[in-house]
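Here is a short briefing on one protein model. It covers a helix residue, the sheet and the salt bridges.

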Amino acid sequence: MILKDQIHSDQLPEHIAIIMDGNGRWAKQRGKVRVFGHEKGARSVKEVTESCAELGVKYLTLYAFSTENWKRPKLEVQTLMKLLISSLRKEIESLKENDISLTAIGNLSALPKKVHEELLHVMEETKSNSRMTLTLALSYGSREEIISAFKEISTKVKNNIISPEKIDESIINEHLYTRNLPDVDLLIRTSGEQRISNFLLWQIAYAELYFTEVLWPDFGKENLYEAIVNYQNRERRFGQTSEQLT
Ligand code: IPE
Ligand code: IPE
Ligand code: MG
């Protein structure tokens, strides 16, 4: 509780993104199969989501399945997809109770039909909720997202809808999957890995990066508070000097 009291509610990161990593290692350490870690990881998703909403964070984006994760063993992919369906079904009520709207980014049409349908259902049911937007990155790859933006923009240029001189940051933003989200303020990655793994490359241009050794299934609200306190002790200069900021 002490950590929570150290959080300044007027300086919260508006948008937190998390690379939820380490489920497999968590399970292996316990002599279990990898999917056991994914199941436990779903509980962390719930705890972190509800804690963010309670604190007043407006946007939380979770990396749940990357375009590269399709290369995993078929059984693991299938189990992850099943887990996704059951979690969506299980959590819809608490999303509603907590006034959280669910959205998704990624190549959603690549998901199994059942997952896609369940996702659209929860998105529809929660779309007018306004306390926090929870975005799941599913079959998401930042390069694929950028490629699709390039394609859309170049088609518009070709059809004289956009003139090349008009292309700026906001036009690019509008063609990304994240068009309705602000830039990321705080990016957290669990499990000790210090890489981005094709997540939100454009959107983290000025994010503060926070790496922790904690494995995702062990990551709970205290770990979240710790990350936010750490974030609030940094000076975000955006290219300016320290003196200019004060
Ligand atoms: C993150 O945990 C979950 C997904 C990528 C779906 P991992 O499954 O990558 O766990 P480790 O990194 O192998 O421990
Ligand atoms: C990144 O984790 C993707 C998700 C958390 C969904 P990975 O475990 O797939 O990343 P790498 O392969 O270690 O970079
Ligand atoms: Mg991993």
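In which helix is Ser 94 found? Ser 94 is found in helix α4, residues 74-97. The model is predicted.

**Ser 94**
- Ser 94 has 13% relative accessibility. That is under the 20% cut-off, so Ser 94 counts as buried.
- Leaving aside residues up to four places away in sequence, Ser 94 touches Lys 46 and Glu 50.

**Sheet**
- An open sheet of 6 strands runs in the order β3-β4-β2-β1-β5-β6, with parallel pairing.
- β3 (100-105) and β6 (208-211) are the edge strands, each pairing on one side only.
- On average, neighbouring strands are turned by 20 degrees against each other, direction ignored.
- Strands β1 (residues 15-19) and β5 (residues 186-189) run parallel and are joined by 4 bridges.
- Ala 17 stands opposite Leu 187 in β5.
- Helix α3 (residues 34-55) packs on the sheet and touches β1, β2, β3 and β4. Its direction makes about 160 degrees with that of β2.

**Salt bridges**
- The count comes to 18 salt bridges.
- Glu 193 pairs with Arg 25 in a salt bridge, with the closest N and O atoms 3.0 Å apart. Glu 193 lies in the loop between β5 and β6 and Arg 25 in helix α2, so the pair ties together parts 168 residues apart in sequence.
- Arg 25 is partly exposed, at 32% relative accessibility.
- Lys 113 and Glu 117 form a salt bridge (3.3 Å, N to O). Both lie in helix α5, 4 residues apart, about one turn of the helix.
- Lys 113 is exposed at 65% relative accessibility, whereas Glu 117 is partly exposed at 43%.
- Shared partners join Asp 21, Arg 25, Arg 189, Glu 193 and Arg 195 into one salt-bridge network.

Conventions. Residues are numbered from 1 along each chain as its sequence is written. Chains are lettered from A and ligands numbered from 1 in the order in which they are written. This is a predicted model: local features need pLDDT of at least 70, side-chain atom pairs count only at pLDDT 80 or more; totals for chains, interfaces and linings use all residues. Side-chain values use heavy atoms; hydrogens and water are left out. Two strands pair if DSSP finds at least two bridges between them. Helices (H or I, at least four residues) and strands (E, at least two) are DSSP runs, numbered from the N terminus. Axes are lines fitted to C-alpha atoms, for helices over the stretch in contact, and angles run from 0 to 180 degrees between N-to-C directions. Contact means heavy atoms within 4.5 Å. Buried means under 20% relative accessible area, exposed over 50%, partly exposed in between (1.4 Å probe, protein chains only). A salt bridge is a side-chain nitrogen of Lys or Arg within 4 Å of a carboxyl oxygen of Asp or Glu.
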